[in-house]
Amino acid sequence: MGTPKVEFDAEDVEPMEDEVDGEFTDSDSDSGEEDIQKLTNPSKDAVYNRDGMNDKLQEISWPENLGWLHKLSLDINQEQDVDVNDDLAREMAFYTQALEGTRRAFEKFETMGLPFLRPPDYYAEMVKSDTHMQKVKSRLLAEKRNMEEAEERRKARESKKLSKEVQAQKQKERATQKKSEIEAVKKWRKQRQQNGFPAPGGKKNGDEIDLDFGDGVKPFAKSNKQRPGVSPGDRSGGKGRMKSWKGTGKPDKKIVKRDRKDSKFGYGGRKGMKKQNTADTTDDFRGFRKTGGDGGNKKRRKQ
Amino acid sequence: MAKKRKHSETVVAAPQKKEEVAPERPKRTLLGWKDKEAAAVAAPAEDKDDEVHQPTNFRNKEKVLVTCSRRIAYRYRHLMLNVVSLLPHCKKDNKVESQSSKGVALSEMVELKSCSSCLFFECRKHKDLYLWMAKCPSGPSVKFLVNAVHTMEELKLTGNHLKGSRPLLTFSANFDKDAHWKLLKEMITQIFGVPKEHRKSKPYHDHVFVFSIVDDHIWFRNYQVLNLLRDLTQVGPRFCLNPIKIFGGSFGGPTLYENPFYISPNQVSVHFPW
């Protein structure tokens with residue numbers, strides 16, 4: 001960079017801080033070379049005309065005693081040096097500078113008795129249009145909504161993990177409750193016995209309250225009978241006993257039917273339920289043949 | 001005096017006038033008695049620049065001309081438009097042809113529009129933005145390289161303020177540390193500060209400009225003051241200025257300052273092609 005060094009004072013070169021340390025340590029450069037050496041070499045011949053600048057400053061400055069209201073400028077002291085690359089710290093520094101500035105300005109305005117902030121009912125043209133602010137608002141709301149949804153999803157995941165445990169706990173609870181209820185009933189019975197209340201039905205044995213219905217069926221015992229019509233799709237009559245499976249995975253229809261009839265009417269079925277004199281049996285003399293047919297193979301008889 | 005007055009009227013008027021003038025006493029100041037007439041005579045004679053007493057008749061008549069070069073990128077054009085909306089005392093002008101004796105041409109144009117300073121956004125190679133800040137008749141001018149540009153249209157900058165309200169300018173303390181920073185501070189104050197009773201200015205002060213020097217760059221932020229003591233939101237735009245050179249004249253002239261740490265973007269792309 002061939003700079004025109006018109007006014008150059010050698011002693012005015014300012015030793016400034018190094019931005020980058022020692023990565024490019026080369027020899028001194030002329031002003032004519034375009035190298036990175038400029039970074040590490042602050043005391044090269046950069047023009048620094050302090051007097052000239054001061055003169056210009058005097059030229060353009062506004063009058064000294066000008067009221068602060070004209071300039072509205074404030075100088076804020078930065079507490080600590082901020083690292084440029086740390087975005088958050090840098091922005092915080094700017095923010096605190098602005099905050100401090102407004103505070104001081106507010107104090108000054110207070111003493112001068114001038115209004116400072118915009119009152120809420122003052123409507124005028126703003127620097128950003130209303131449509132733009134709408135967009136900003138909708139974006140903010142969308143962000144908020146996303147965050148909330150993410151939170152909910154996370155919570156659902158967590159709760160799912162816990163749900164198994166919760167279920168197990170609940171079951172335990174129920175079992176203990178049932179136990180405790182049964183215990184309570186037993187206790188109550190004992191109490192009655194102790195108190196000498198006679199059992200109903202005239203029996204001296206007060207241990208068991210006799211609830212005999214004369215049916216041969218014990219109370220509170222699981223009945224062996226299948227209840228007819230226990231469920232619409234249950235063709236086994238409620239018990240679902242499959243006597244023999246021939247290995248095909250499907251029980252034989254006849255056996256299922258037999259099982260059902262057995263469970264309903266006992267083995268062999270009711271004597272009276274069999275049809276005896278029908279059109280087919282009139283001409284049927286199988287029972288009256290001597291040795292015809294299968295020769296005693298009774299299994300063949302069933303057709 | 002087109003109409004000739006009657007003799008009686010003038011006679012009546014004169015004694016009244018005398019009565020008005022007579023009771024006025026000479027003003028007393030610390031230095032002694034100062035006659036009002038003497039003060040009145042002295043004031044216009046005093047120049048704006050060598051003031052000693054309170055400048056009662058100073059008016060900030062700053063007008064900024066804002067232009068850009070041709071082939072400017074959209075982002076930088078929006079930045080320029082944002083700046084135009086922030087400064088009610090500016091005048092936006094058409095794009096200028098770049099190169100070819102631009103210093104002289106620009107100065108002339110500024111004079112033509114009767115502005116006292118200029119912000120010229122120059123975009124090179126469609127990706128580097130240089131900002132010239134110049135005080136126009138004879139004042140110094142600065143050339144900056146602009147980085148980290150965020151315009152007001154970004155949805156993350158959620159603040160808003162009155163268009164044309166006067167900003168509070170805050171400078172970090174290190175602006176007073178050195179001559180070139182002082183000069184820059186004065187220029188920024190004059191250019192970015194909205195004049196006091198400007199026609200288009202609005203009354204309240206609801207935003208703050210932050211100019212702070214970090215790492216030898218001037219960082220600019222614009223915050224909206226929501227309520228005091230706590231709440232500031234960014235309005236934007238935001239950018240970072242890297243001073244390259246300060247010239248004694250407007251858009252040219254003797255170099256007063258050269259930034260030793262400045263590397264031009266061309267050099268950067270040569271040495272760091274990735």
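Two strands are taken as paired if DSSP finds at least two bridges between them, and helices (H or I, at least four residues) and strands (E, at least two) are DSSP runs numbered from the N terminus. In the predicted model described here, local features need pLDDT of at least 70 and side-chain atom pairs count only at pLDDT 80 or more, whereas totals for chains, interfaces and linings use all residues. Residues are numbered from 1 along each chain as its sequence is written, chains are lettered from A and ligands numbered from 1 in the order in which they are written, and side-chain values use heavy atoms, with hydrogens and water left out.

On these terms, β1(A) pairs with strand β8 (residues 168-172) of chain B in the parallel sense over 4 bridges, and within this pairing A:Asp75 stands opposite B:Phe171 in β8(B). Chain A itself comprises 8 helices and 1 strand, arranged along the sequence in the pattern α-α-α-β-α-α-α-α-α. Of the 303 residues in chain A, 19% are buried, a term that denotes under 20% relative accessible area, with exposed meaning over 50% and partly exposed lying in between (1.4 Å probe, protein chains only).

The contact between the chains (heavy atoms within 4.5 Å) draws 75 residues from chain A and 87 residues from chain B. The area buried between chain A and chain B, that is, the accessible area (1.4 Å probe) that two parts lose on being put together, summed over both, is about 7,800 Å², and carbon and sulfur atoms give 63% of this area. Between chain A and chain B there are 6 salt bridges, each defined by a side-chain nitrogen of Lys or Arg within 4 Å of a carboxyl oxygen of Asp or Glu. A salt bridge is formed by B:Lys163 with A:Glu125, whose closest N and O atoms are 3.4 Å apart. Among the elements that give two or more residues to the side of chain A that touches chain B are β1 (73-76), α4 (87-112) and α5 (130-194) of chain A; α4(A) gives the most, with 13 residues.

In chain B, strand β6 (residues 128-135) is mostly covered, with 8 of its 8 residues buried. Strand β5 (residues 117-124) of chain B runs antiparallel to β6(B), joined by 8 bridges, and B:Glu122 stands opposite B:Tyr130 in β6(B). β6(B) also pairs with strand β7 (residues 141-150) of chain B in the antiparallel sense over 6 bridges, and here B:Trp132 stands opposite B:Lys143 in β7(B).
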